[in-house]
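Me: Let's go through this one piece by piece. Start with the charged pairs, please.

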Amino acid sequence: MAKMIRKGLLCPTAVRKNWLLLTTVAAVLAGIGFGVLVREYGKLSNLDKVYFAFPGELLMRMLKLIILPLIISSMITGVAALDSSISGKIGLRAVVYYFCTTVIAVILGIVLVVTIKPGVTQKASEIDRVGSSPEVNTVDAMLDLIRNMFPENLVQACFQQYKTKREKVKATTAMDKNTSMFREESTTTATTAKASENKTQEYKIVGMYSNGINALGLIVFCLVFGMVIGKMGEKGQVLMDFFNALNEATMRIVQIIMWYMPIGIVFLVAGKIIEVEDWEIFRKLGLYMATVISGLAIHSSIILPLIYFIIVRKNPFQFALGMAQALLTALMISSSSATLPVTFRCAEEKNLIDKRITRFVLPVGATINMDGTALYEAVAAIFIAQLNDLELDIGQIVTISVTATAASIGAAGVPQAGLVTMVIVLSAVGLPAEDVTLIIAVDWLLDRFRTMVNVLGDAFGTGVVEKLSKKELEQMDVTSEVNIVNPFALETGILDNDETQAKKSYINGGFAIDKSDTISFTQTSQF
């Protein structure tokens, strides 16, 4: 048996199919070894560290570059390919799945942190603070989330998000117009202090823009735009073909980036190891980190696979193995949005998920499905309460669970966005927001693990939604008289340069369906 497994792993065909995964694993190991050696013997200055990590920075920039065209093209073509009633059902199933897994993750995190009690044996004064806590108001943050769903400028939404902050309004002294007498200034300091305490501080809301793709606003727009194109029939066919071609071109660019990925990961990992200055903090926060990582491990290896197995009735670990490249990428770059191109590739090529599902579900999942982040925030909030010797009652724990679930939806799919939402959770139960600085030092490492869980949750979601939507998809296939149940049935290797194979794959995977004329569909899909 062992010989057969070794033979299967070392088979030239298997190596050729999984070359990217194997080289990525090798790159991770090489990066760890390289980073440790340079850290011990290199003695690099801060400027040298920046230059050293430059190839890794290039990889991050390449992946972020491709996010925008990928979200736009995949969402529009995915929604336009579905009837409005079917897209509504698929969207509802996806949102219910995301909500349920997030709630389960939060409950799991709370159970673990209350049981293990990582903060009881320590005091907040024993841990060094790093950085500063962001100023966030819970109500304003939730309203900003809704505002960003409806951007006032679509072009600006491609590179900026809207946010508000509170500014104090200076109090002005009112004067009676009928008299020329001012208040006497001979009041004591104590009286002035007492008056200022009783006076309510007024604030004004000031809006501003911060850098970063407004993914939520773009998804809402693309959702509506795709539905409108789908209802336009012949008039919308040109736009359908354009966005299908844009999606195909984007995925081919992703293939080019994949060739550079192993090189970038070596320097990304090594650069991060060199950058960390205080490894002692990992010993002090070891029990807290173990609580978070054990929660993420249970959620990703037991709960998510169990949900997948109950609904789909297939081997969940084989499915997860097909997503290995995306999970490794998420672990290295700690951004679910930047991992999206690789997630698409793994879901469609390795696990053969219907393109109509992946194009619709994955962009939404990368934005609102944050299982790992929700679990982390619940654990961190109760950990900080334990550090401060504060006993949380049932009501406060429920508040933490609800706030962590809601805040995780608003967390952008970018590195360390969880720290901003963490402040929202702490403020909701009256915990000191500045104590978030106690855990910033280890957040960069935990962020990688929770991002990996987020991506795995998105991937399992595509499999679950595809199974639940099987009847509707088959009904669409019968109606359109085009067999596109498995869009990659004819594609044995996405990196194959054979033009005939590429054309077959694209015809099979195109979704610009003209129900009145099947022939025009196949003709317009070729280019």
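This is a predicted model: local features need pLDDT of at least 70, side-chain atom pairs count only at pLDDT 80 or more; totals for chains, interfaces and linings use all residues.

Reply: Residues are numbered from 1 along each chain as its sequence is written, and side-chain values use heavy atoms, with hydrogens and water left out.

Me: OK, what does Arg-450 pair with?

Reply: Its side chain meets that of Asp-447 in a salt bridge, 3.3 Å from N to O. Arg-450 and Asp-447 both belong to helix α21, three residues apart, about one turn of the helix. Helices here are DSSP runs (H or I, at least four residues; strands are E, at least two), numbered from the N terminus.

Me: Are those two buried or exposed?

Reply: Arg-450 is buried and so is Asp-447. The cut-offs are under 20% relative accessible area for buried, over 50% for exposed, and partly exposed in between (1.4 Å probe, protein chains only). There is also a network: salt bridges with shared partners link Lys-89, Arg-93 and Glu-472.

Me: And which residue does Arg-356 bridge to?

Reply: Arg-356 pairs with Asp-354, and the closest N and O atoms are 2.7 Å apart. Both Arg-356 and Asp-354 are buried.

Me: How about Lys-272, what is its partner?

Reply: Lys-272 has a salt bridge with Glu-275, 3.4 Å from N to O. Both sit in helix α11 (residues 237–275), three residues apart, about one turn of the helix. Glu-275 counts as partly exposed because its relative accessibility is 46%.

Me: Switching to voids. How many cavities of 30 Å³ or more turn up?

Reply: A search of the whole structure gives two. Rolling a probe the size of a water molecule over the atoms shows where empty space is left. In detail, on a 1 Å grid over the protein atoms alone, a cavity is a set of points where a 1.4 Å probe fits but cannot get out, and lining residues have an atom within 4 Å of a point. Grid points are joined across faces, edges and corners, and the volume is the space filled by probe spheres set on the points.

Me: What lines the second largest cavity?

Reply: Its lining is Ser-336, Leu-340, Thr-343, Leu-362, Ala-366, Val-455 and Asp-458. Helices α16 (340–350), α17 (355–368) and α21 (440–468) each give at least two residues to that lining. The volume of the second largest cavity is about 40 Å³.

Me: Now the backbone. What is phi at Leu-352?

Reply: Phi of Leu-352 is near 55°, a positive value in a residue other than glycine. Most residues other than glycine have a negative phi. Leu-352 is in the loop between α16 and α17, and it counts as partly exposed because its relative accessibility is 37%.

Me: Where is Lys-117, and what about its phi?

Reply: Lys-117 is in the loop between α6 (84–116) and α7 (138–149). Its phi is near 55°, again positive in a residue other than glycine. Lys-117 is partly exposed, since its relative accessible area is 43%.

Me: Which residues make the nonpolar surface patch?

Reply: Val-25, Leu-29, Ile-32 and Val-36 make it, with an area of about 320 Å². Patch residues have over 30% relative accessible area and no salt bridge; nonpolar side chains (Val, Leu, Ile, Met, Phe, Trp, Tyr) are joined within 5 Å, like charges within 9 Å. Areas come from Shrake-Rupley with a 1.4 Å probe, and for residues only the protein chains shown count as cover. Val-25 is in helix α3 (residues 19–41), and it counts as partly exposed because its relative accessibility is 35%.

Me: Back inside: why does Thr-77 count as buried?

Reply: Because its relative accessibility is 4%. Thr-77 is in helix α5 (residues 54–80), and a polar atom of its side chain is 3.3 Å from the backbone oxygen of Ser-74.

Me: Last one. How far apart are Met-289 and Val-442?

Reply: Met-289 and Val-442 are 153 residues apart in sequence but 8.0 Å apart in space, C-alpha to C-alpha. Met-289 lies in helix α13 (residues 286–312) and is buried, with a relative accessible area of 7%.

Definitions and conventions. A polar contact is a pair of N or O atoms within 3.5 Å; within protein, one must be able to donate a hydrogen and the other to accept it, and residues adjacent in sequence count only if both atoms are side-chain atoms. A salt bridge is a side-chain nitrogen of Lys or Arg within 4 Å of a carboxyl oxygen of Asp or Glu. On a 1 Å grid over the protein atoms alone, a cavity is a set of points where a 1.4 Å probe fits but cannot get out, and a pocket is an open set with protein on both sides within 12 Å along at least five of seven lines; lining residues have an atom within 4 Å of a point.
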